[in-house]
Amino acid sequence: MNEHEKYLFDLQGFLLVENALDANQLVQLNALVDERMMPFAEEPNKRFGQILTWDKSAFDVLDNPRILPYLHEIIGPQIRLDHDYLDVIRGGGEVRLGPI
């Protein structure tokens with residue numbers, strides 16, 4: 001994490017890590033969300049829990065080598081997953097994971 005990234009994280013409370021997921025990962029994750037959202041097509045917002053149990057592709061993003069160095073810098077070497085969930089918030093247009 002460079003000084004500029006530290007500054008942005010301190011200022012905003014988040015960082016945007018470019019290319020954290022590859023195109024194939026995005027396709028797989030979007031398909032999982034699309035499948036889960038089918039019964040809730042008319043609901044504007046939906047929260048799903050335990051998404052890591054959906055499929056191996058959801059579980060595989062946990063130890064993302066693009067993200068882990070940032071977590072180690074911010075949190076330290078002992079990282080713990082407290083809970084996992086996904087909020088789908090629709091606001092007009094197609095719901096997608098990834099860049100716009």
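The lining of the largest pocket divides into 23 nonpolar, four polar and three charged residues. Here Ala, Val, Leu, Ile, Met, Phe, Trp, Tyr, Cys and Pro count as nonpolar, Asp, Glu, Lys and Arg as charged, and the others, Gly among them, as polar.

Before going further: this is a predicted model, in which local features need pLDDT of at least 70 and side-chain atom pairs count only at pLDDT 80 or more, while totals for chains, interfaces and linings use all residues. Residues are numbered from 1 along each chain as its sequence is written, and side-chain values use heavy atoms, with hydrogens and water left out.

Back to the pocket. A pocket, on a 1 Å grid over the protein atoms alone, is an open set of points where a 1.4 Å probe fits, with protein on both sides within 12 Å along at least five of seven lines; lining residues have an atom within 4 Å of a point. The volume of the largest pocket is about 1,100 Å³, taken as the space filled by probe spheres set on the points, which are joined across faces, edges and corners. Of its 30 lining residues, Leu 21, Val 61, Leu 62, Asn 64 and Ile 67 lie nearest the centre. Helices are DSSP runs of H or I with at least four residues, strands are runs of E with at least two, and both are numbered from the N terminus.

Next, the core. A nonpolar core is a set of buried Ala, Val, Leu, Ile, Met, Phe, Trp, Tyr and Cys residues joined through side-chain atoms within 4.5 Å. Buried means under 20% relative accessible area, exposed over 50%, and partly exposed in between, with a 1.4 Å probe and protein chains only. The largest core has 10 residues, among them Leu 29, Phe 48, Ile 51 and Trp 54.

Now Ser 57, in helix α3 (residues 56-59). Is it buried or exposed? Ser 57 counts as buried because its relative accessibility is 11%. Its side chain makes a polar contact with the side chain of Asp 55 at 2.7 Å; such a contact is a pair of N or O atoms within 3.5 Å, where within protein one must be able to donate a hydrogen and the other to accept it, and residues adjacent in sequence count only if both atoms are side-chain atoms.

Last, Ile 74 in helix α4 (residues 68-74) is partly exposed, because its relative accessibility is 39%.
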